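Hi there,

Here is the model I promised to pass on.

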Amino acid sequence: MRSAGLRAGARALAADGLPHRPGAWLTTTARNRAVDRLRRRTTEAAKLREVATIASVHDAFGSSEDDSGVQDDRLRLIFTCCHPALPLEARVALTLRTLTGMTTAEIARAFLVTEATMAKRLVRAKSKISNAGIPYRVPPAHLLPERTGAVLAVLYLLFNEGYSASTGADLMRWGLCAEAIRLARLLAPLMPDEPEAYGLVALMLLHHSRRATRVDAAGDLVTLEHQDRTRWNRGEIDEGVAVLETALRRDRPGPYQLQAAIAACHATAADAADTDWAQIAELYGQLVRVVPSPVVKLNQAVAVAMADGPAAGLELAETLHASGDLTGYHLLPATRADLLRRLGRRAEAAEAYRQALTLAPTEAERRYLANRLAETTLQGED
């Protein structure tokens, strides 16, 4: 069965580990905190014209035509801005700032740094481009691979902003998810030797398959264990699993493939009780080694709690809490609250829920946390 083959591949990932990828932390650190929105077509056209004025059309390639093989205008523009002369983080941040109209404060939240720090990074990146005379132009096909890592990161962050919005009334913005999937599907065939491109497509599809069940009719958040799995998109799950298997056959696993394997463990489980949390926890352990960001460590804590009990997960969460690395990130106190509640420490849980409630970015999440706080407080009075 395909699910059995996938699980075998995921176990191989967990057993063999992942190669070190400099800068790979970016792909998860900024999860759920990235792009505010894509510009409409008219704004995008203006940006294309703006880029065209930065460098002469009679550049080193000799004409206004390019031989990149990238036909889609949006994807071309992303490749154009992800210039390899800049560090990966700067490339992605500057692309977000240039193409989406995202504010410096929003980008800073995406990278878990202060606004002042991000402002300095953006200024340095722009200055380097200006001082070095780096032209904005679509690279030829043979130079695309050196920009692919940054392009993948941009698409990943775009998808995750749609899947879990950083601000506003709605938890999700499905238009952003659909656009990110469209662009990733276009990118993967351009990079047939890059399994991470296929891993990203698989990851997006497996998450997107649950879109109809993440909120109820009232717009309130529905947690994974309570979602109606009969309404998950089986076509997207099957496609995601198949694409992931294609990526894994390249035998060069990376962070996107590992995250897709985790998502597949959820998507292929018959019900919540059938979820292989031990395998998920093991895979998160491997991801932490390659992407040692505090956000990944928090996800690992949740998986460990499900596999080994809330006390084991809370120990990891408390270490993160003490480190201060996720100060201001609402999912840390929300996770602590849930684990404390499961351990019967309701007064502490209620306090953590209150902290999470003040930090939650969307109305749907605030309503969910408020309900859990009310339930916890009421149970504490029994």
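Let me start in helix α17 (residues 346–359), where E351 and R354 sit three residues apart, about one turn of the helix; helices here are DSSP runs of H or I, at least four residues, numbered from the N terminus. Their side chains form a salt bridge at 3.6 Å, N to O, the term meaning a side-chain nitrogen of Lys or Arg within 4 Å of a carboxyl oxygen of Asp or Glu. E351 is partly exposed at 48% relative accessibility, and R354 is too, at 39% (buried is under 20% relative accessible area, exposed over 50%, partly exposed in between, with a 1.4 Å probe and protein chains only).

A word on the source: this is a predicted model, so local features need pLDDT of at least 70 and side-chain atom pairs count only at pLDDT 80 or more, while totals for chains, interfaces and linings use all residues. Residues are numbered from 1 along each chain as its sequence is written, and side-chain values use heavy atoms, leaving out hydrogens and water.

The structure holds 14 salt bridges. One of them joins R367 and D220 at 2.4 Å, N to O. R367 belongs to helix α18 (residues 363–381) and D220 to the loop between α10 (195–208) and α11 (234–248), so this pair ties together parts 147 residues apart in sequence.

As for confidence, mean pLDDT (the predictor's confidence in each residue, from 0 to 100) is 81 for the protein chain. Over residues 16–65, though, pLDDT is below 50. Where pLDDT is low, the predicted coordinates should not be read in detail.

Best wishes

Definitions and conventions:
Contact = heavy atoms within 4.5 Å. Helix = DSSP H or I, 4+ residues; strand = E, 2+ residues; numbered from the N terminus.
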